[in-house]
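Biologist: I would like to go through this model with you. Shall we take the metal site, then the pockets, then the backbone?

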Amino acid sequence: MIVRTQEQKETLLEAGKRLGIVLETLAQAVSPGLSVDVLDTMAEKLIREKGDIPSFLNYTPEDFPRPYPASLCVSVNDEIVHGIPNENPRVLKDGDIVSLDLGLTHKKVIVDSALTVSVGKTDKKSYALMDATASALEAGIATLKPGNHLGDIGRAIQEVIEHAGFAVVKELGGHGVGDEVHEEPYISNYGKPGDGQELVEGMVLALEPISSAGKASVVLGNDDYTYRTRDGSRSAHFEHTILIEKDAPLVVTRRPSEI
Ligand code: MG
Ligand code: MG
């Protein structure tokens with residue numbers, strides 16, 4: 001989506017605010033003993049009660065064999081992204097880490113955001129992995145200026161994750177968003193400064209660094225959706241939807257606790 005009018009911008013901001021509130025509510029509900037399908041039911045209810053639509057439910061990404069069957073993606077420990085909460089209702093355990101990824105459609109505008117949280121307290125390495133991935137997202141966001149390039153985003157994300165001693169999952173990345181769940185351009189979480197498409201004012205992008213505490217190699221599950229690390233290492237994932245403006249990037253999906 002390219003934002004060209006004040007009305008479009010206001011709708012985007014409202015969509016982002018709503019998603020931030022829902023995601024924060026879900027993150028606060030994460031606790032040992034909780035079955036992840038409860039989070040999916042909560043997500044759908046919280047979105048629909050405000051008159052909005054869960055964007056992922058029944059959405060079929062390009063080259064996927066079937067529609068996604070839930071509102072929320074819940075990916076636990078070595079699951080990287082696209083864990084299906086309702087078909088595979090795992091019960092969260094103390095010390096797990098869990099990525100919650102959610103899309104919301106408000107007045108036809110789609111926003112997308114994710115975070116990773118621990119279930120109770122976790123280990124030092126898992127905290128470091130989550131911290132590095134969250135910092136990588138902020139580093140990526142800082143590059144979002146007209147005249148910069150996709151490669152600048154990828155390099156900034158890669159540097160933070162690798163400097164912390166972790167690996168970038170290279171098969172997955174960010175994307176344009178707003179009119180569709182996934183739009184051009186695809187945004188790699190690694191790259192070279194100056195490479196790729198130039199960023200312009202009004203672009204709406206979802207940046208989503210995805211990391212592994214071990215090797216970066218991935219496997220896709222039999223459910224056609226769930227990606228895991230091949231070596232069983234834990235993975236973290238953070239995502240925001242951002243509007244590129246002339247002076248500074250505007251993160252539209254900030255959660256209340258981040259503001
Ligand atoms: Mg997402
Ligand atoms: Mg996304």
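Modeller: Note that this is a predicted model.

Biologist: Where in the chain do Asp101 and Asp112 sit, and how many residues apart are they?

Modeller: Asp101 belongs to strand S4 (residues 97-106). Asp112 belongs to strand S5. The separation is 11 residues.

Biologist: Is Asp101 buried or exposed?

Modeller: The cut-off for buried is under 20% relative accessible area. Asp101 has 5% relative accessibility, so Asp101 counts as buried.

Biologist: Which residues are the protein donors of the magnesium ion (ligand 2)?

Modeller: The donors lie 2.1 to 2.2 Å from the ion. Their spacing along the chain is D-x62-H-x32-E-x30-E.

Biologist: How many residues apart are Asp112 and Glu208?

Modeller: Asp112 is in strand S5 (residues 109-118). Glu208 is in the loop between strand S9 (204-207) and strand S10 (210-212). The pair links distant parts of the chain, 96 residues apart.

Biologist: What are the relative accessibilities of Asp112 and Glu208?

Modeller: Asp112 is buried, at 2% relative accessibility. Glu208 is buried as well, and its relative accessible area is 7%.

Biologist: Which residue bridges the magnesium ion (ligand 1) and the magnesium ion (ligand 2)?

Modeller: The two ions lie 3.1 Å apart. One residue coordinates both of them. That residue is Asp112.

Biologist: On to the pockets. Which element gives the most to the lining of the largest pocket?

Modeller: The volume of the largest pocket is about 690 Å³. Of the 30 residues that line it, the closest to its centre are Tyr59, Pro61, Phe64, His82 and His182. The elements giving two or more residues are strand S7 (174-176) and strand S8 (183-187). With 4 residues, the element that gives the most is S8.

Biologist: How does the lining of the largest pocket divide by class?

Modeller: Sort the lining residues into nonpolar, polar and charged. The lining has 16 nonpolar, 5 polar and 9 charged residues.

Biologist: Which element supplies the largest share of the lining of the second largest pocket?

Modeller: The second largest pocket has a volume of about 220 Å³. Its lining counts 16 residues, and the closest to the centre are Leu115, Val117, Phe238, Arg255 and Ser257. Helix H1 (6-29), S5 and helix H3 (124-142) each supply at least two residues. The largest share, 4 residues, comes from S5.

Biologist: What span does H1 reach from its first C-alpha to its last?

Modeller: H1 has 24 residues. At 1.5 Å a residue, 34 Å is expected. The span in the model is close to that, at 35 Å.

Biologist: Is Gln28 buried or exposed?

Modeller: Gln28 is found in helix H1. Buried residues of H1 include Leu12, Leu19 and Leu26. The exposed class starts over 50%. At 62% relative accessibility, Gln28 therefore counts as exposed.

Biologist: Which backbone nitrogen does the side chain of Glu79 reach?

Modeller: Glu79 lies in strand S3 (residues 79-81). Glu79 is buried, at 3% relative accessibility. The contact is at 2.9 Å, and the nitrogen belongs to Val76.

Biologist: Now the backbone. What is omega for the cis peptide bond that joins Glu184 and Pro185?

Modeller: Most peptide bonds are trans. This bond is cis, and Pro185 is found in strand S8. The value of omega is about -5°.

Biologist: What is phi of Lys108?

Modeller: Most residues other than glycine have a negative phi. Lys108 is not a glycine, yet its phi is positive. Lys108 lies in the loop between S4 and S5 and is exposed, with a relative accessible area of 73%. Its phi is about 70°.

Biologist: And what is phi of Asp224?

Modeller: Asp224 is found in the loop between strand S11 (218-220) and strand S12 (227-229). Asp224 counts as partly exposed, at 28% relative accessibility. Its phi is positive, near 75°.

Note on methods:
Residues numbered from 1 in each chain as written. Chains lettered and ligands numbered in written order. Predicted model: local features only at pLDDT ≥ 70, side-chain atom pairs only at ≥ 80, totals over all residues. Heavy atoms only, no water. Donors = N, O, S within 2.8 Å, 3.2 Å for Na, K, Ca; no water. Buried < 20%, exposed > 50% of the residue type's maximum accessible area, 1.4 Å probe, protein only. 1 Å grid on protein atoms, 1.4 Å probe; cavity = no way out; pocket = protein on both sides within 12 Å on 5 of 7 lines; lining within 4 Å. Points joined across faces, edges and corners; volume = space filled by probe spheres on them. Nonpolar A, V, L, I, M, F, W, Y, C, P; charged D, E, K, R; others polar. Expected span 1.5 Å × (residues − 1). Polar contact = N/O pair within 3.5 Å; in protein donor to acceptor, adjacent residues only side chain to side chain.
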